[in-house]
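Subject: structure handover

Hi,

Here is the structure I promised to pass on. Have a look at it first, and my notes follow below.

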Amino acid sequence: MTLSRRDLLIGTAGIAAGAQLLGASPALAQAAAPSYKPEAGATLRVLRWTPFVKGDEDSWLANTKKFTEATGVEVRVDKESWEDIRPKAAVAANVGAGPDVMLVWFDDPFQYPDKLLDVTDIATSFASRYGGYYPGLEGYAKKDDKFIALPLAAIGNGILYRESLLQQAGFSKFPEKTDEFLEMCKVLKAKSKPAGFAMGKAVGDGNNFAHWIVWSHGGKMVDESGKVVINSPETIKALQYARELYQTFIPGTESWLDINNNRVFLSGDISVTANGVSLYYSAKNDPKMADIAKDIRSTVLPTGPVGQPVELHQTTSAVIFRYSKFPNAARAYLQFMLDKPQMDAWISGSSAYCCPPLKGMIDNPIWSADPVNEPYKRASSTLRPNGYAGPLGYASAATMADYVMVDMVAEAASGQRTPEEAAKRAEQRANRYYRV
Amino acid sequence: MTETTLARADALSAQPSPSLMQSKGMIGLLFMLPAAIFLLAFLTYPLGLGVWLGFTDTRIGRTGVFVGLENYQSLWDDSLFWLSVFNTILYTVAASVLKFALGLWLALLLNEHLPFKAFIRAIVLLPWVVPTVLSAIAFWWIYDAQFSIISWTLIKLGVIQTPINFLGDTTNARITVILTNVWRGIPFVAITLLAGLQTISPSLHEAATLDGATSWQRFRFITLPMLSPLIAVVMTFSVLFTFTDFQLIYVLTRGGPLNATHLMATLSFQRAIPGGQLAEGAAIAIAMVPFLLAAILFSYFGLQRRRWQQGGTDE
């Protein structure tokens, strides 16, 4: 079980004290860690995305084993390619059968909120014990006042660059502002190797790049009420910037899918790209690429006119389906897996690929284990939900799945449409989902 | 021998048994039942479900309600949908014409007396036999923006300076996916037409040669008319396969760059599964049906011109 008897006593004492002092305040009651006793004979099926780094899987399974040893609950962990998680989860929710617990992406929980078990008590107890959730990740898990999912991690996206190639162009450090970044890319193209960012139908990299371009200039798809406001002067500015930036890229980025930038970066044909830290580790773990690995540096994507770094990243949350026959076992499992000792091990095991959702868990030796890891530590704090600034739901998911943002940026950047036309088209397309 | 046969025939005609007739019909029905169930379960039901979904607002994770033509109205105003219709038609027409011309040519070549005939015919079938996803992944590398072997060779030969942007430029990408589809589809056309060619009696050609017909005349007035029923069938299938192509595009471009290669099938998938809008995806898929029906009708009434085959004129 997740809690020792002592924790339980402290928790109960807290509730009792709270009840005495304040008259049974629910907020205080929630602050104490809830305890769940798995049902007799419970077994669990967990479906997660196929890990990107080996250590992630090893430590997740090791933690799961510990849970089984402590509670006797057998847990079967299945995995599925990350792009198949969304339809699988939706079908499981719809049909009412399948895994008990699932690790899902982005705004998936908002597609079927009423099919998910309320996990508010677990989330609030974590939040009160570990300094609260980062707002972006919380946004992906909290609907109105209720947590329908437990934030698990941000999969950080960051700039990876080749120090020697920057030096060749006369840059000793990576620019922090978007305008300086553009100037550097121009020089890189002229004097060294160009930059390259995915602008094709790349689910991860394409969306990360496009959202960063637009958000960093103050553009956004919808306002707080869910009204489409993408066709704004800020977006136009962002697209003009994208057009200029694109001209400094290596040719062919419109066709890049998620893997292309990795290949080109490792072949040494580009000096700068954006990716998860896994790209660095694929060089580091390959003896033949030792020279390139030593030369790789990382940083966060440059800050634009909005004055603060804002990025999409990837977000994963854990959900429990209502149809689960063993809801308490599932709760106990997540409460155990997402608690600090297990999370610390998992975050370390994931080699900086996963960034924790709770502020109190951010200090982990992994971030200083390698200088390249450090910028990925900031993923959770710079993260914004994909439906920013509006409510999450089917419209936000459909708009992203239809590549509205990616297409808009690519259309304007490649010169296929003027920034004004591209923004107008994106507005029309988004309105089909957000229904004016 | 003859007597017994006659006797049997007499016996049959003398005693027509109604109960036998009935049970024959029953047996016939029984024999057809498995096929009928099969068709109902795997053809009629999914198709019917698709049509129904197109009239609802079903999303993955939520059963929908009937909304009439709302999905189609919304698609009517969707520029991306119309772009995909245009792409699909362009893809189908261009690829089918090329596949037909090259396939027929290849069939004629293979019909000649070649050494290692069986071996060559087996080789020719390979593109069709290899799973599309596998060959598409190979092509993905061949067309890579940076590591393309074609670009590499041409650069080494000094023909070009920078790599060809196969899949990044909208026009290039369209040409590239069409040619890849042609590569994959030729064997089907060629081998089927080859089978047809072999049924044409050599005596017809001999007779025509004796009459002084040139090889073009023999092709035009013997081979082509004899082959045309088969051409109609082969091209119907070829058009259907091409129109509904998905795997090739999904591996090579996912519909990019800038949606220039998005076909109706890939758009339908993008909206229905990753986008979660089953109803709209179904509506796009159903919107393919009229085009497919038109293609089938065209090939049946346009290509199977019987009078022409029998030496008459068209109308």
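Let me start inside the sheet of chain A: Leu47(A) stands opposite Met102(A) in strand 3 of chain A. Strands here are DSSP runs of E of at least two residues, helices are runs of H or I of at least four, and both are numbered from the N terminus.

Before going further, the housekeeping. This is a predicted model, so local features need pLDDT of at least 70 and side-chain atom pairs count only at pLDDT 80 or more, while totals for chains, interfaces and linings use all residues. Residues are numbered from 1 along each chain as its sequence is written, and chains are lettered from A and ligands numbered from 1 in the order in which they are written.

Back to the sheet

Strand 3 of chain A runs parallel to strand 1 of chain A, and two bridges join them. (Two strands pair if DSSP finds at least two bridges between them.) Strand 3 of chain A also pairs with strand 10 (residues 314–320) of chain A, in the antiparallel sense and over five bridges; there Val104(A) stands opposite Ser317(A). On its other pairing, strand 1 (residues 43–49) of chain A is joined to strand 2 of chain A by seven bridges, and these two run parallel. In that pair, Trp49(A) stands opposite Glu80(A).

Put together, this is an open sheet of six strands in chain A with mixed pairing and the order 2-1-3-10-6-11. Its edges are strand 2 (74–80) and strand 11 (354–355) of chain A, each of which pairs on one side only.

How enclosed is strand 3 (residues 101–105) of chain A? Five of its five residues are buried, so the strand is largely enclosed by the rest of the structure. By "buried" I mean that 20 or more other C-beta atoms lie within 10 Å of the residue's own; exposed is 12 or fewer, partly exposed is in between, and C-beta atoms are placed from the backbone. In a regular strand the side chains alternate between the two faces of the sheet. In strand 3 of chain A, both faces are covered: Val101(A), Leu103(A) and Trp105(A) are buried on one side, and Met102(A) and Val104(A) on the other.

Chain A as a whole

Chain A has 20 helices and eleven strands. Its radius of gyration is 22 Å, which agrees with the value near 22 Å for a compact globule of 436 residues (taken over C-alpha atoms, with the globule rule being 2.2 Å times the number of residues to the power 0.38). Along the principal axes, the C-alpha atoms fill a box of roughly 70 × 55 × 45 Å. Of the 436 residues of chain A, 56% count as buried. Among its contacts with a separation of 6 or more, 76% come from residues 24 or more positions apart; a contact means that C-beta atoms, placed from the backbone, lie within 7 Å.

A helix pair and two residues

Helix 18 (residues 394–401) and helix 20 (residues 419–434) of chain A have axes that come within 8 Å and cross at roughly 145°. (Axes are lines fitted to C-alpha atoms, for helices over the stretch in contact, and angles run from 0 to 180 degrees between N-to-C directions.) Ala395(A), Ala398(A) and Thr399(A) in helix 18 meet Ala430(A), Tyr433(A) and Tyr434(A) in helix 20. Those residues divide into five nonpolar, one polar and no charged; Ala, Val, Leu, Ile, Met, Phe, Trp, Tyr, Cys and Pro count as nonpolar, Asp, Glu, Lys and Arg as charged, and the others, Gly among them, as polar.

Ile296(A) is in strand 9 (residues 296–299) of chain A and counts as buried because it has 22 C-beta neighbours inside 10 Å. Val372(A) is 76 residues away in sequence but 7.6 Å away in space, C-alpha to C-alpha. Lys189(A), in helix 8 (residues 178–191) of chain A, is partly exposed, with 17 such neighbours inside 10 Å. Beyond four places in sequence, Lys189(A) touches Pro194(A) and Thr248(A).

Chain B and the contact

Chain B has 14 helices and zero strands, and 33% of its 315 residues are buried. The contact between the chains takes 30 residues from chain B and 35 from chain A. Helix 4 (79–111) and helix 12 (264–272) of chain B are the elements giving two or more residues to the chain B side. That side has ten nonpolar, 15 polar and five charged residues.

Cheers

Conventions. Two residues are in contact if their C-beta atoms, placed from the backbone, lie within 7 Å.
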